[in-house]
Amino acid sequence: MNDPIIEVEGLAKDFGKVRALDGLSLTVPPGGIYGLLGPNGPGKTTLIRVLTTLLEPDAGSARVAGVDVRTDPDGVRARIGLAGQAAAVDEVLTGRENVEMVGRLYGLPRHEARRRAQEMLGRIHLVGAPDRPVRTYSGGMRRRLDLAASLVGRPQVLFLDEPTAGLDPASRRDLWELIGDLVGTGTTVLLTTQYLEEADQLADRIAVVDHGRLVGEGTGEQLKDRVGGAVVELRLPGGDHGPTLAALRDAGMDPSYDEHTGRVVLGAPDGSRTLTKALRRLDAEGINPAGATLRKPTLDDVFLALTGHRASPSGSGPDLPARGGRPGQARRAEAAR
Amino acid sequence: MSTATATIPRRPTGLRRAASDTAVVARRNLVRTIRLPEVLLTSSTMPVVFILMFTYVFGGAVQATLPPAAAGRYANWLVPGLLAQFALFGSVATASGLAEDLASGVIDRFRSLPMARSAVLAGRTLADLVRSTVTLTLMLAVGLAIGFRWQTSLPGLLAGLAIVLAFGYAWSWVMALLGLVVRTAEAVQAAAYVGVFPLAFTSSVFVPTQTMPGWLQAFAANQPLTVATNALRGLLLGPGALHPGQTVGGQVVLALLWSAAIFAVASPLAVRRCRRTVS
């Protein structure tokens, strides 16, 4: 009944040897918040840059609010807002001047730009600060201002590129609340993040992107269901996971190794019976896990199951994900189907 | 889809929109210039130091080689030359300003907005033109204070200033291109000065070109900064300040042609580069 607000088909983009987008296809329904989840890497940001007309794709097509990004980029720009990593606020101008300037560049008459800036600034709670230069703002205030500027044109689609990257937890939660408040006015939000918690908290639907491809899509619940109702987590002495994975696969299970925590994770569709079965099998092979737990799956587990590696890097990792053979690589193709 | 289109107010297209967007961007750049006084201070200190240093250090030695139109004062010869030179040097700010905006992400913000594509660069170069005008006015005031006197008329002075400002404006499009290609403010400054300093010293800015060796003279007498300097000097000091055989009108036309040619080549390249630039 409702036309999709974003349609992406077979999008490809290379930067030298790095394939940022590898035939990505995606459909975003109108309304609500759509989360784009993926590891630190060029994929998500590249997609945002293509959809916001900052970058031309090598191949494929994309429509935003019914407008083709290639044939009518200006039409797309009139319908979108962009905030986050890619766009910046001016440090020397005041918060108000920033929002007004962006309003003017959306084509608003001066008085209207002024009126809307006042309205937006009221909504982001910059108490006492709208007329101070932005360089005096905290990180959280800057992000909120960035958000206000991106909304001043009343966009149909708002792109938020890692809006909370680098913020402390309290500021992050503030911003989540604000994003939730600001939406609901008919704007569709496309949000990229590498924080599972963020996607889980904010997004109505989530797409999981890895190595420039879509590896999973659905609501948070649907994605969790793909792992099953529960997850078995095994802690191994000495960290030797090879034989364990082999034994469990022999038993017809689909375990993953989490390099980050050094644990083996296993979807448990049958709950405790899966746990028992796994332990029996390992016992028969002479493997004794140091610990075994049964718990509810998180998006992190989903990501691990879909991609073979964790979504959240510990600390700030390199910009590009390491390539080469990894445990989950073969399974990724299956998961994508 | 048709309903979505109907809710979007279509912006006026063409020149009106480009002019309005350019004004918004130019205003932003000027506000930055005014709020960052250290930038304005450093960019106007160098020209003043040049005027004082060259007048008092080299003035005595160079005096004898000057044509009679200088009325025996090196300041009369030097100030028009330095005005032309700093109209050129002022354009370097375009390069570093753009590089800075690219690095900070401001350019990306602009490029994601439904504004005229040309406004990012036009707003930048126009703001830099205003700044250059302020710098040259200040230089003129310092020049007058140390004895510079123009020998012709006030309209001659204003026309001369307009010509060198147009010359500087044309160069700011070259610098825009440089800023978009090099992309780091410090590297851009270094690269720009590697180009403009030799141009300044192999011109008629400081000394008449006749005393240079023949091979250099051929270049020095015809390069764009010399032509712009000659045009201004002719308009301020009269035809006696020029080579025999050169006329004030001829140098003015040449200076305008140089400016037009530089602008015509650099501006489309810069605009194209800005459209494609990815940060």
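Domain bounds, as I use them here, come from an automatic or database domain assignment. For chain A that assignment gives domain 1, residues 6-223, and domain 2, residues 225-336. Before going further: this is a predicted model. The centres of domain 1 and domain 2 of chain A, taken over C-alpha atoms, are separated by 33 Å.

Some totals for chain A. It has twelve helices and 14 strands. Of its 337 residues, 50% are buried. If you take the contacts in chain A between residues at least 6 apart in sequence, 70% of them join residues at least 24 apart.

Now the sheets. Strands of a sheet pair through backbone hydrogen bonds, either parallel or antiparallel. Chain A gives us cases to look at.

Take the open sheet of six strands. Its order in chain A is β6-β7-β8-β3-β9-β10, and its pairing is mixed. Which strands stand at the edges? They are β6 (80-84) and β10 (213-218) of chain A; each has a single partner strand, so one side of each is left without a neighbour in the sheet. On average, neighbouring strands of this sheet are turned by 20° against each other, direction ignored.

Strand β3 (residues 33-37) of chain A pairs with strand β8 (residues 188-193) of chain A in the parallel sense, over five bridges. As one position to look up, A:I33 stands opposite A:V189 in β8(A).

Helix α5 (residues 139-151) of chain A lies across β6 and β7 (157-161) of chain A and runs at about 170° to β6(A).

Stay with helix α5 of chain A for a moment, as A:M141 is located there. Is A:M141 buried or exposed? The cut-off for buried is 20 or more other C-beta atoms within 10 Å. A:M141 has 21 within that distance, so it is buried. Leaving aside neighbours within four places in sequence, A:M141 is in contact with A:L126 and A:A129. For scale, A:T53 is 88 residues from A:M141 along the chain, and their C-alpha atoms are separated by 27 Å.

The next sheet is an open one of four strands. The order in chain A is β2-β1-β4-β5, with antiparallel pairing. Here β2 (18-28) and β5 (67-68) of chain A stand at the edges, each with a single partner strand, so one side of each has no neighbour in the sheet. Strand β4 (residues 59-64) of chain A is joined to β5(A) by two bridges, and the two run antiparallel. The bridge partner of A:V64 in β5(A) is A:V67. Helix α1 (residues 42-51) of chain A packs on this sheet, touching β1 (6-15), β2 and β4 of chain A, with its direction at about 60° to that of β2(A).

One more strand pair. Strand β12 (residues 255-258) of chain A is joined by four bridges to strand β13 (residues 263-267) of chain A, and they run antiparallel. A:P255 stands opposite A:L266 in β13(A). The two strands form a hairpin with four residues between them, and A:G262 in the turn has a positive phi of about 75°.

Next, the core. In soluble globular proteins, nonpolar side chains tend to be buried together. The largest nonpolar core in this model has 170 residues. Among the members that touch the most others are A:V64 and A:A148 from chain A, and B:L83 and B:F167 from chain B. The largest share of this core, 16 residues, comes from helix α8 (residues 154-182) of chain B. From chain A, the core draws at least three residues from each of domain 1 and domain 2. As for A:A148, it touches A:V99, A:M120, A:L121 and A:I124, not counting residues up to four places away in sequence.

Last, where the chains meet. How many residues of chain A are in contact with chain B? There are 25, in contact with 23 residues of chain B. On the chain A side, α2 (73-77) and α3 (95-105) each supply at least two residues. The largest share, four residues, comes from α3(A). By class, that side of chain A has 14 nonpolar, five polar and six charged residues.

Definitions and conventions:
Residues are numbered from 1 along each chain as its sequence is written. Chains are lettered from A and ligands numbered from 1 in the order in which they are written. This is a predicted model: local features need pLDDT of at least 70, side-chain atom pairs count only at pLDDT 80 or more; totals for chains, interfaces and linings use all residues. A nonpolar core is a set of buried Ala, Val, Leu, Ile, Met, Phe, Trp, Tyr and Cys residues joined through C-beta atoms within 7 Å. A residue is buried if 20 or more other C-beta atoms lie within 10 Å of its own, exposed if 12 or fewer, and partly exposed in between; C-beta atoms are placed from the backbone. Two residues are in contact if their C-beta atoms, placed from the backbone, lie within 7 Å. Ala, Val, Leu, Ile, Met, Phe, Trp, Tyr, Cys and Pro count as nonpolar, Asp, Glu, Lys and Arg as charged, and the others, Gly among them, as polar. Two strands pair if DSSP finds at least two bridges between them. Axes are lines fitted to C-alpha atoms, for helices over the stretch in contact, and angles run from 0 to 180 degrees between N-to-C directions.
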